[in-house]
Amino acid sequence: MGLRQHGRIFFAHSNKRTYWGLDANNDVELVVQGTTILTVSDTTGEVSFAEAALFPGGGAVATNVAVGDGSLDANTTGADNVAVGNAALDANTTGSNNVAVGSGAMGASVSTVNNVAVGKGALAVLTTGTD
């Protein structure tokens, strides 16, 4: 297996840079050669993969899917949204049934409904609207 120390299991214990264990916040993390590959938050249940993140529904809404740093970050009650990409649908609070794929796609959207945006910055300035 490996060396166990401070709640961590070291697989390459000679350099102590590759391990599976708990960080200072009690989040579970997998670190390979000093780079955090996977983190599971103890408080929110969010799962982060390296630079991308997969959230259990933006704004704790289980019907949302958010993949990417900051995607669906401001969501409060919006449901049935899919946001894939850095900051996709990041300003959305109450909008529902939207699909945003691409970095910054639908980035200004706050309360839009039934929209699809594909590509970097697609529908980036749309704030409200339906279909």
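Colleague: Which backbone nitrogen lies 2.7 Å from a polar atom of the side chain of Asn-64?

Modeller: First, a friendly note that this is a predicted model, where local features need pLDDT of at least 70 and side-chain atom pairs count only at pLDDT 80 or more, while totals for chains, interfaces and linings use all residues. Residues are numbered from 1 along each chain as its sequence is written, and side-chain values use heavy atoms, with hydrogens and water left out. Asn-64 is in the loop between β7 (52-55) and β8, and its side chain has a polar atom 3.1 Å from the backbone nitrogen of Asp-80. The backbone nitrogen at 2.7 Å is that of Asn-81.

Colleague: Is Asn-64 buried or exposed?

Modeller: Buried means under 20% relative accessible area, exposed over 50%, and partly exposed in between, using a 1.4 Å probe and protein chains only. The relative accessibility of Asn-64 is 3%, so Asn-64 counts as buried.

Colleague: How far apart are the C-alpha atoms of Val-65 and Val-82?

Modeller: Val-65 belongs to strand β8; strands (E, at least two residues) and helices (H or I, at least four) are DSSP runs, numbered from the N terminus. Contact means heavy atoms within 4.5 Å, and, not counting residues up to four places away in sequence, Val-65 touches Leu-72, Asn-81, Val-82 and Ala-83. Val-65 and Val-82 are 17 residues apart along the chain, and their C-alpha atoms are separated by 4.8 Å.

Colleague: And which residue has its C-alpha atom 4.6 Å from that of Gly-85?

Modeller: Gly-85 sits in the loop between β9 and β10 and counts as buried because its relative accessibility is 17%. Leaving aside neighbours within four places in sequence, its contacts include Val-67, Ser-71 and Gly-102. The C-alpha atom at 4.6 Å belongs to a residue 18 places away along the chain, Ser-103.

Colleague: What is the C-alpha separation of Ser-71 and Ser-103?

Modeller: Ser-71 lies in the loop between β8 (65-67) and β9 (82-84), and its relative accessible area of 1% makes it buried. Ser-71 and Ser-103 are 32 residues apart along the chain, with their C-alpha atoms separated by 9.0 Å.

Colleague: Which backbone oxygen does the side chain of Asn-115 reach?

Modeller: Asn-115 is in the loop between β10 and β11 (116-118), and its relative accessible area is 8%, so it is buried. Leaving out residues up to four places away in sequence, Asn-115 touches several others, among them Asn-97, Met-106 and Leu-126. At 3.4 Å, its side chain reaches the backbone oxygen of Gly-129.

Colleague: Where is phi of Met-106?

Modeller: Met-106 is in the loop between β10 and β11, and it is buried, with a relative accessible area of 0%. Its phi is positive although the residue is not glycine, with a value near 55 degrees. Most residues other than glycine have a negative phi. For Met-106, then, the value is near 55 degrees.

Colleague: Is Asp-131 buried or exposed?

Modeller: Asp-131 is placed in the segment after β11, and its phi is also positive, near 60 degrees. Its relative accessibility is 67%, so Asp-131 counts as exposed.

Colleague: Which residues form the nonpolar patch on the surface?

Modeller: Val-101, in strand β10 (residues 99-101), is one of the patch residues, and its 31% relative accessibility makes it partly exposed. The patch has about 330 Å² of accessible area altogether. Its members are Val-84, Val-101, Val-116 and Val-118.

Colleague: How many strands does the protein have?

Modeller: From the N terminus on, the elements run β-β-β-β-β-β-β-β-β-β-β. The secondary structure includes zero helices, and the strands number eleven.

Colleague: In which strand is confidence highest?

Modeller: The score is pLDDT, the predictor's confidence in each residue, from 0 to 100. The protein averages 78, and 73% of the residues score at least 70. Confidence is lowest in strand β1 (residues 3-5), at a mean of 50, and the highest, at 93, is in β11.

How values were computed:
Patches are made of residues with over 30% relative accessible area and no salt bridge: like charges are joined within 9 Å, nonpolar side chains (Val, Leu, Ile, Met, Phe, Trp, Tyr) within 5 Å. Accessible areas come from the Shrake-Rupley method with a 1.4 Å probe; for residues, only the protein chains shown count as cover. A salt bridge is a side-chain nitrogen of Lys or Arg within 4 Å of a carboxyl oxygen of Asp or Glu. A polar contact is a pair of N or O atoms within 3.5 Å; within protein, one must be able to donate a hydrogen and the other to accept it, and residues adjacent in sequence count only if both atoms are side-chain atoms.
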